[in-house]
Amino acid sequence: MKKTKTQARVSRDSRAQRIVIGTTTSKNGVKISGRKVIWRLRDARHTRARVVFRIDGKKYWIDRDPPYRFKGSKGYLDTTKLANGSHTLAVTTFRVKASAISRIKVIVVNRHPQKKKTPPTTPPTTTTTAPPTTTTTAPPSTPPSASALQAGAVDYGHVVLSWSAVAGASAYRVYRGSELLMTTSGTSATDAMLWPETSYDYRVDAVSADASVLGSMRGSASTPALPSSGFPRPFASTSVWNTPIGSAQAVSNNDQLIANFGANALYPNMSLHKWAVSVAEASSSSPLFNVLCSLYNPCTLTSLGAIPIPFTAVADTSSDGHLAVFDPANGRTWGMWKAGYAGGTWTAAAGEAISTSGDGRVPEHTASSNAANFPLLAGIVRPEEISQGRIDHALVFTLPEISSAGHVCPATHDDGSSANPNALMEGMRLQLDPSLNVDALSIPAWQKVIAKALQKYGMYLRDGSGSLAIVAENPASRGYDAWAKVGLSGNSVSLAGIPWGRFRVVSAPC
C-alpha cells in the first residue's frame, strides 16, 4: 500500500522518539519495581502539542511541555500499584496533522509480602443446660485493596481517578482529603479546580445499598505547574473579553465622565470571599438540574438544557448569591443570581447560559445574573492569574451612581437610576493610562498584575454598588482557599494604591 504524506510523517516521528525507563533507553522485557520509576520520552523533536502516557491501553497522563515525563517534572511511575507481571507502557505524541506512538513491554517484579496465617485457636469447652442456638453469619466482605485506586493528574488543575468495581457496591463516595467531592455509581471521577504543583490525597469508599461501607481505596496525585501559555481564558480570543484595547480612542465626553468617575471611586477594592463570583467546574459526571429564573424573565438560563452542577458547588454568601458554572469540555457557561440549593434542587432568581466560543455577549432583551447582562464568568480575576503574574483579559467592576440613559456594548441590559448626564453607563470600558510606569508604583506585586491588565485590556462597568470594586472569584466551590495560596485574605482587599485619577473612557469594542 502506498504511504500518504501523513503516514510517512508518522513513521519518521516514531523513529525520532524512544521510551526511557530510568536513565537509558529500554528494551522490551525490562524489569521494573518500586514507587519511583522514572518514565519519560526521549524525543529528537521539541514541538509536540501534547504527549499522552498510557499503561495497558489506559490513559494516565498528558504532558504538554518538554521534557516529557510521566506525571510531570516531579512525578514517577509507582509500580506498586500494578500487578506483578507483564505490562505495556505506551507514549503517543501529537503534532499538527501527525502523531506517533512508541511502546515497550515491561515486567513488574514487586514482591508483595503475604500476610502470615494465624493458626485457629480452639475455644474452651463450655457446659450449658440450654439447647445450643445455631447462628448463621454471612462471611465478611473483603475490602478493596488500596492499590485498586488509580490517581493521575491530567494537567495543573485536574486529577482523574479510576477504580475497579467492588462486588455488592451500589455507589462510591469520592473524597479529597476529608472533603466529599461526589457520590457516583460509576468507577471513575475527575477532580477539578486544583492548585498547581500541589499533592492531593484521595479516598473512595465503596457503599452498599443500605449505606454500609464495604471498603476503601486510597491514592494520591500531584499536579504540575501551569503551562507557559498561562491560565486558560474561558472565552474565545476574538471575544470582547480577550481583545486588547489597542488603538481605541477616548470618547468625546471623556473628561466629564472621568470627573464623575473620580467622585464615585469610593473605597476601591477587589472582592474575594463575599460579593464575588463563586465558580464551579462541571464534568460529565456532574448531576443535571433544570434551573428556572424565578424572578426576572425572559432569561436564557435554560437555553442550553439542564445545567451540570457539581456536588461541590456553593453560591457566594452575599445577597447576590452569584454562582458561575463552567463546562470547559463542551464550551458552555451558566451564571446565576441569588442561586440556592435546598432539598436536592437548585434555584435562581435570574441567570444566563452562553457558549464560550462566540463573542462573549448575552442576547439583548433578556435578564441575566447582573445588570449589564455580562456572562457571570467573564472578566473576573482568578487566583491563578495573580500567581502567574499576568491577567490576559479585560476585568469587570462595580460603581456607585449608574446612568439611567441606557447601556453600551458589550452590555445588553442596564438598570441605572441616575439622571446625571456625566454618570457612567453600564458596559462602558475604562483604561488605565498606558504610559504609566506601573513597576515604579509603590504597591504590592499582585496589584501591579491588576494594573497592567487595566492598561492592556481595561475594565467594563457591570453593575452598581456602594463602592468601586473589581470583581474576582470566590473560591468557595473549590473546597480550599485559593486566595490564601497567593497571600490574600478577607472578604475584600484594598486597591487604593492604583492611581484611579489616571483613567479614561475608551470607545466600545462592538
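Trainee: What does the accessible surface of the chain come to, and what share of it belongs to carbon and sulfur atoms?

Mentor: Accessible areas here come from the Shrake-Rupley method with a 1.4 Å probe, and for residues only the protein chains shown count as cover. In this chain the total is about 24,400 Å², with 53% belonging to carbon and sulfur atoms. Keep in mind that this is a predicted model: local features need pLDDT of at least 70, side-chain atom pairs count only at pLDDT 80 or more, and totals for chains, interfaces and linings use all residues. Residues are numbered from 1 along each chain as its sequence is written, and side-chain values use heavy atoms, with hydrogens and water left out.

Trainee: Okay. What percentage of the residues is buried?

Mentor: Buried means under 20% relative accessible area, exposed means over 50%, and partly exposed is in between (1.4 Å probe, protein chains only). Of the 510 residues in the chain, 50% are buried.

Trainee: And how many helices and strands does the chain have?

Mentor: Both are DSSP runs numbered from the N terminus: helices are H or I with at least four residues, strands are E with at least two. You'll find four helices and 33 strands here. Contacts are worth a look too; a contact means heavy atoms within 4.5 Å. Take the contacts between residues at least 6 apart in sequence: 68% of them join residues at least 24 apart.

Trainee: Let's do sheets. In what order do the strands of the seven-stranded open sheet come?

Mentor: Two strands pair if DSSP finds at least two bridges between them. Here the order is β32-β16-β30-β25-β29-β28-β33, with mixed pairing. At the edges are β32 (492-494) and β33 (503-506), each pairing on one side only. Further in, β25 (395-399) and β30 (469-470) run antiparallel and are joined by two bridges. Look for T398, which stands opposite A469 in β30.

Trainee: Which helices lie across those strands?

Mentor: For angles, axes are lines fitted to C-alpha atoms, for helices over the stretch in contact, and the angle between N-to-C directions runs from 0 to 180 degrees. Helix α2 (254-264) lies across β25, β28 (429-432), β29 (459-464) and β33, at about 130 degrees to β33. Helix α4 (445-456) lies across strands including β16 (269-271), β30 and β32, and runs at about 120 degrees to β28.

Trainee: Now the rings. How many aromatic pairs does a search of the whole structure find?

Mentor: A pair of aromatic rings is described by the distance of the centres and the angle of the planes. Rings of Phe, Tyr and Trp (its six-membered ring) pair if their centres lie within 6.5 Å; planes under 30 degrees apart count as stacked, over 60 as edge-to-face and the rest as tilted. The search finds 12 pairs.

Trainee: Why is the pair of W39 and F70 stacked?

Mentor: The centres are 4.9 Å apart and the planes of W39 and F70 sit at 25 degrees, so the pair is stacked. W39 is in β4 (39-43) and F70 in the loop between β6 (58-63) and β7 (85-95), 31 residues apart. W39 is buried at 2% relative accessible area, and F70 also counts as buried at 2%. Compare W241 and Y460, an edge-to-face pair at 5.3 Å centre to centre with 80 degrees between the planes. They're 219 residues apart, W241 in the loop between β15 (213-222) and α2, Y460 in β29; W241 and Y460 are buried.

Trainee: And which residues form an aromatic cluster?

Mentor: F261, F397, W500 and F503 form one.

Trainee: Last one: over which rings do R69 and R203 lie?

Mentor: A charge sits over a ring if NZ of Lys or CZ of Arg is within 6 Å of the ring centre and within 35 degrees of the ring normal. The charged end of R69 is over the ring of Y76, 5.9 Å from its centre, and R203 lies over the face of Y175 at 4.1 Å from the ring centre.
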